[in-house]
Amino acid sequence: MSRGSGKGLSLKDKLDGNELDLSLCDLNEVPAALPKATVLDLSCNNLISLPSDFCSLMHLVKLDLSKNRLQQLPLDFGRLVNLQHLDLLNNRLVTLPVSFAQLKNLKWLDLKDNPLDPVLAKVAGDCLDEKQCKQAAVKVLQHMKAIQSEQDRQRQRKLQAEREVEKKREAEQRAKEAQERELRKREKAEEKERRRREYDAQKAAKQEMEKKTKKETVHTRKPASSSRPPQPPRHKPSWSRSVLRVLLFVLFCILCTLAACKLTELQYQPLCVSVNTLYEDVVAALQNHKTLQNMLQHNSQH
């Protein structure tokens, strides 16, 4: 490291027991890998800020950062819990980080010649002697603790408000879901009722149709049964008489033909010969049938 940045600087040469003196080294930044020491003097340099890993030096008991150009301290500066003596004279600090309240072992503090916030400047007061510097440490710690408590309360109120909003949102969501469930339940009940009415209507219509069909069937049968008796006496006797007349006429014709063929000279005509032959065959068949019947009757008696 150059003189401006710390290059070429031998940290071991600056270490004396547990004290590391890096004052008046024209440093623009804090050297990396500082030796472990309980007292660190970085006064009278050109430091504008402290590195993020500076607050890991929790073994520090005394720290001198006076006469630099520091505009702010790291947010986790409160990690230096063993710090008892802190000199921040003549820097450009306006406020302190809230974590400053965690420096519970701080016994001595100098904040003179900084453009401090008026409230913080009034709390810190002057550090013209040992007593005032000790009082400054006590008062600033109390002030930062109050700020931390107020911020914690604000954070709690914010969290509580967020929880209330979340609870309200969840309650509204539950109410909405319950309303939707109730609506679906009502719609389902209405759908069931509609289907039941449709089923009852279809069933009633079917029963009405069956009754109507049955009534029409009975109504159709009754006239048929009442109209039939008069008609058969008129149609059936007429038809049977006609058939009987035809049969009698045919029989009369046959007898006349047979008589003519048997008793007149027409018996030698071919037609009469055929008729007489047919007559004789029929008579013979009837005689044979009678003889066969007598034989069967005789056998059945034996």
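User: Rings of Phe, Tyr and Trp (its six-membered ring) pair if their centres lie within 6.5 Å; planes under 30 degrees apart count as stacked, over 60 as edge-to-face and the rest as tilted. What does the count of aromatic pairs come to by this rule?

Analyst: Happy to start there, with a word on the model. It is predicted: local features need pLDDT of at least 70 and side-chain atom pairs count only at pLDDT 80 or more, while totals for chains, interfaces and linings use all residues. Residues are numbered from 1 along each chain as its sequence is written, and side-chain values use heavy atoms, leaving out hydrogens and water. The count of aromatic pairs is 1.

User: Are the rings of Phe77 and Phe100 stacked, edge-to-face or tilted, and why?

Analyst: The ring centres of Phe77 and Phe100 are 6.1 Å apart. Their planes meet at 5 degrees, so this pair is stacked.

User: Which helices and strands make up the fold, and what pattern do they follow along the sequence?

Analyst: The chain has 5 helices and 6 strands. Read along the sequence, their order is α-β-β-β-β-β-β-α-α-α-α.

User: Which cysteines form a disulfide?

Analyst: A disulfide is a covalent bond between the sulfur atoms of two cysteines. Here the term is applied to a pair of cysteine sulfur atoms within 2.5 Å, and the structure holds 1 of them. Its sulfur atoms are 1.4 Å apart, and they belong to Cys127 and Cys133.

User: Why is the disulfide of Cys127 and Cys133 given a handedness, and which one is it?

Analyst: Both Cys127 and Cys133 are buried. The torsion about their S-S bond is about 100 degrees, so the disulfide is right-handed.

User: Which cysteine has the sulfur nearest to that of Cys256?

Analyst: Cys256 is in no disulfide. With a relative accessible area of 34%, Cys256 is partly exposed. The nearest cysteine sulfur is 6.5 Å away and belongs to Cys253.

User: Which side chain does a polar contact join to that of Ser43?

Analyst: Ser43 is in the loop between β3 (39–41) and β4, and is buried at a relative accessible area of 7%. Contact means heavy atoms within 4.5 Å; beyond its neighbours within four places in sequence, Ser43 is in contact with Leu22, Ser23, Leu24, Asp64, Ser66 and Asn68. A polar contact is a pair of N or O atoms within 3.5 Å; within protein, one must be able to donate a hydrogen and the other to accept it, and residues adjacent in sequence count only if both atoms are side-chain atoms. At 2.7 Å, such a contact joins the side chain of Ser43 to that of Asp41.

User: What separates the C-alpha atoms of Cys44 and Asp26?

Analyst: Cys44 is in the loop between β3 and β4 and is partly exposed at 29% relative accessibility. Not counting residues up to four places away in sequence, Cys44 touches Leu24, Cys25, Ser66, Lys67 and Asn68. Cys44 and Asp26 are 18 residues apart along the chain, and their C-alpha atoms are separated by 7.4 Å.

User: Which element gives the largest share of the lining of the largest pocket?

Analyst: On a 1 Å grid over the protein atoms alone, a cavity is a set of points where a 1.4 Å probe fits but cannot get out, and a pocket is an open set with protein on both sides within 12 Å along at least five of seven lines; lining residues have an atom within 4 Å of a point. The largest pocket is lined by Ile254, Thr257, Leu258, Val275, Leu278, Tyr279, Val282, Val283 and Leu286. The largest share, 6 residues, comes from α5.

User: What volume does the largest cavity have?

Analyst: Grid points are joined across faces, edges and corners, and a volume is the space filled by probe spheres set on the points. The structure holds 1 cavity of 30 Å³ or more. Leu20, Leu34, Pro35, Ala37, Leu40, Leu57, His59 and Leu60 line the largest cavity, whose volume is about 40 Å³.

Definitions and conventions:
Buried < 20%, exposed > 50% of the residue type's maximum accessible area, 1.4 Å probe, protein only. Helix = DSSP H or I, 4+ residues; strand = E, 2+ residues; numbered from the N terminus.
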